[in-house]
Amino acid sequence: MTEPENPVRGTAAPSRRHVLAATAAGGAAMAVGTAGTAGATQGKPAPGTGASTAAIGPEDPRYLSLTQRGCNARFIGRPDYYRVVHSTAEVVEAVQRAVREGKRIAVRSGGHCFEDFVDHPDIKVVIDMSPMREITYDAERRAFRVEPGAQLAEVYRELFIGWGVTIPAGATAEVGIGGHVIGGGYGVMSRRDGVSVDHLYALEVVVVDKDGTARAVIAERDPDSPHHDLWWAHTGAGGGNFGVVTRYWFRDPGARGDDPTKLLPRAPASFLAFRAGWSWKDLDARDFKTLVRNHGQWCERNSDPGTPYANLFSVLMVNTTQAAGSGAVLAGVIDAAVPGAQRLVDDYIAAVGRGVGAEPAIRRPPLSWLNALTSITDTRSSPFKVKSAYLRKTYTDRQLDVLHDHLRPSDDPAARISGTLWLVAYGGAARKVAPDATAVAQRDSILKAVYMAGWDAETQDGKRQTEWVRSLYRGVYADSGGVPVPGEVSDGAFINYPDADLADPEQNTSGVPWYTLYYKDNYPRLQRVKAKYDPRDEFRHRLSIRPAR
């Protein structure tokens with residue numbers, strides 16, 4: 001798989017996986033194409049029977065729509081053809097044909113890749129997984145089987161309505177689970193339940209042998225299983241590295257018995273949501289630094305697995321907008337059934353706002369589980385640039401100065417940038433897992449930082465916006481070569497938010513290679529898995545795992 005997840009639609013005010021929009025506004029639940037009964041899939045043709053199983057080239061009327069299915073309009077690919085697949089057998093055949101023809105392969109499920117890993121001029125064949133959306137319980141493996149084309153809203157709905165369970169994953173309805181999981185997906189329930197791969201029991205992968213033969217193998221969590229190392233590589237290495245994932249199975253590592261309602265975490269019945277907003281006109285430099293510092297210090301104190309705030313998910317979003325109450329927004333949710341949930345939220349908001357001159361505008365709408373997790377959508381493609389970092393501690397005073405200088409709106413409307421910084425609370429149950437137990441090496445971080453800028457494709461070329469977010473990033477990490485080198489304060493970057501700049505020596509002057517920023521000490525093992533399962537390097541992109549020599 002090749003695509004992760006997308007937290008931005010290219011606007012200054014956070015939109016897609018924007019907990020503010022979903023939790024504070026209480027948007028209507030998205031109508032998704034899930035089955036009426038758990039385990040079935042509507043409208044799924046029998047394998048090999050649809051015209052879409054054939055190659056779809058530029059002369060086909062469907063081709064243009066397929067080229068524009070990615071959410072980041074910064075990149076539009078022009079492959080020789082698409083293959084829209086419905087089964088593992090069709091994926092094997094599609095991969096085999098592309099290998100025989102000597103054509104570069106990429107894979108798309110939800111279409112939320114940040115970089116040009118799918119939409120690159122060298123990619124000649126794109127395998128579209130969108131029809132593969134089955135979600136069911138597999139009694140033989142005592143695990144829930146999910147196909148990669150399923151969107152997160154569909155997964156949440158089917159697991160909850162059918163069995164009352166869930167997996168910790170992202171909060172945008174339209175993200176495809178295919179690439180989201182294997183990069184170590186996280187979301188609203190991650191502080192309580194860990195990241196997505198902590199619940200990954202097995203997966204089926206189409207790989208290409210040394211002689212060019214495509215075949216499907218099943219890799220399992222059991223250390224004694226024959227393809228355990230391939231399973232491990234898919235627990236955080238990101239997509240486009242080893243093959244094409246065609247099915248996932250989810251089950252808690254400690255689950256016992258065969259009652260499916262007890263094999264994954266139980267979903268909350270409802271959330272208590274909150275939104276606290278400050279306007280830029282009420283924030284001077286001191287107030288801004290106090291606000292961001294308070295948030296980081298709160299996360300330092302409340303990121304251990306046993307914290308009473310493990311059920312609270314939050315994001316501090318700082319936006320380059322002058323809209324009232326939207327300059328800095330603290331938004332999130334907590335399981336409404338947690339004892340003292342309202343008090344925990346009130347204490348949290350008070351701690352973040354302590355010492356800030358202005359009082360925030362606060363809203364607390366109640367939300368059901370499905371309303372919260374299936375209503376955040378992104379149906380319009382627009383261009384954007386995203387960079388990321390893990391934080392072990394809050395920003396230094398110098399870094400806070402850089403953030404203020406870049407994020408405060410310019411007095412000149414023509415000079416303003418649609419930019420945003422998200423500081424997403426992390427830690428909690430994610431810390432229970434050792435950094436080498438999965439490919440997710442960053443297990444003791446307190447925050448995920450997301451730096452982003454977007455623009456209007458019809459009126460702007462994006463050069464000024466891209467340079468703005470690069471300048472912000474370089475400034476924040478100026479003491480470590482312009483990138484978040486793992487250390488006392490920072491802990492590298494998140495592969496599900498891939499950033500090709502990290503491999504550019506002009507942008508990364510640290511001397512620390514991009515793969516160390518993403519994988520730390522896990523990279524050599526990933527290289528060995530790559531050499532074993534993709535010895536011909538058929539699956540590759542600008543930030544793919546390089547085979548071990």
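Modeller: A contact means heavy atoms within 4.5 Å, and in the protein chain 75% of the contacts with a separation of 6 or more are between residues 24 or more positions apart. This is a predicted model, in which local features need pLDDT of at least 70 and side-chain atom pairs count only at pLDDT 80 or more, while totals for chains, interfaces and linings use all residues. Residues are numbered from 1 along each chain as its sequence is written, and side-chain values use heavy atoms, with hydrogens and water left out.

Colleague: How many helices and strands does the secondary structure of the protein chain come to?

Modeller: There are 14 helices and 16 strands, where helices (H or I, at least four residues) and strands (E, at least two) are DSSP runs numbered from the N terminus.

Colleague: What makes strand 14 mostly covered?

Modeller: A residue is called buried under 20% relative accessible area (exposed is over 50%, partly exposed in between, with a 1.4 Å probe and protein chains only), and eight of the eight residues in strand 14 (residues 384-391) are buried. Phe 384, Val 386, Ser 388 and Tyr 390 point one way from the strand, whereas Lys 385, Lys 387, Ala 389 and Leu 391 point the other way, and all are buried. For the protein chain, buried residues make up 64% of the 549 residues.

Colleague: How do you know that strand 14 is joined to strand 16?

Modeller: Two strands pair if DSSP finds at least two bridges between them, and eight bridges join strand 14 to strand 16 (residues 447-454), which run antiparallel. Phe 384, for example, stands opposite Gly 454 in strand 16.

Colleague: Why do strand 1 and strand 2 stand at the edges of their sheet?

Modeller: The open sheet of three strands has the order 1-3-2, with parallel pairing. Strand 1 (81-84) and strand 2 (105-108) each have a single partner strand, so one side of each is left without a neighbour in the sheet. Strand 2 is joined to strand 3 (residues 125-128) by four bridges, and the bridge partner of Val 107 in strand 3 is Ile 127. Helix 3 (residues 88-101) lies across strand 1, strand 2 and strand 3, and runs at about 160 degrees to strand 1; such angles run from 0 to 180 degrees between N-to-C directions, with axes fitted to C-alpha atoms (for helices over the stretch in contact).

Colleague: What makes strand 4 and strand 7 the edge strands?

Modeller: In the open sheet of five strands, the order is 4-5-8-6-7 and the pairing is antiparallel. Strand 4 (135-138) and strand 7 (214-220) each pair on one side only. Strand 6 (residues 200-208) is joined to strand 7 by seven bridges, and Val 208 stands opposite Ala 214. Helix 3 also packs on this sheet, touching strand 6, strand 7 and strand 8 (244-250).

Colleague: Why are helix 11 and helix 12 called roughly antiparallel?

Modeller: The axes of helix 11 (residues 397-407) and helix 12 (residues 463-476) come within 9 Å and cross at roughly 165 degrees. Angles over 145 degrees count as roughly antiparallel (under 35 as roughly parallel, 65 to 115 as roughly perpendicular, the rest as oblique), and helix 11 and helix 12 are therefore roughly antiparallel to each other. Among the residues that make the contact are Val 402 and Leu 403 of helix 11, and Trp 468 and Leu 472 of helix 12.
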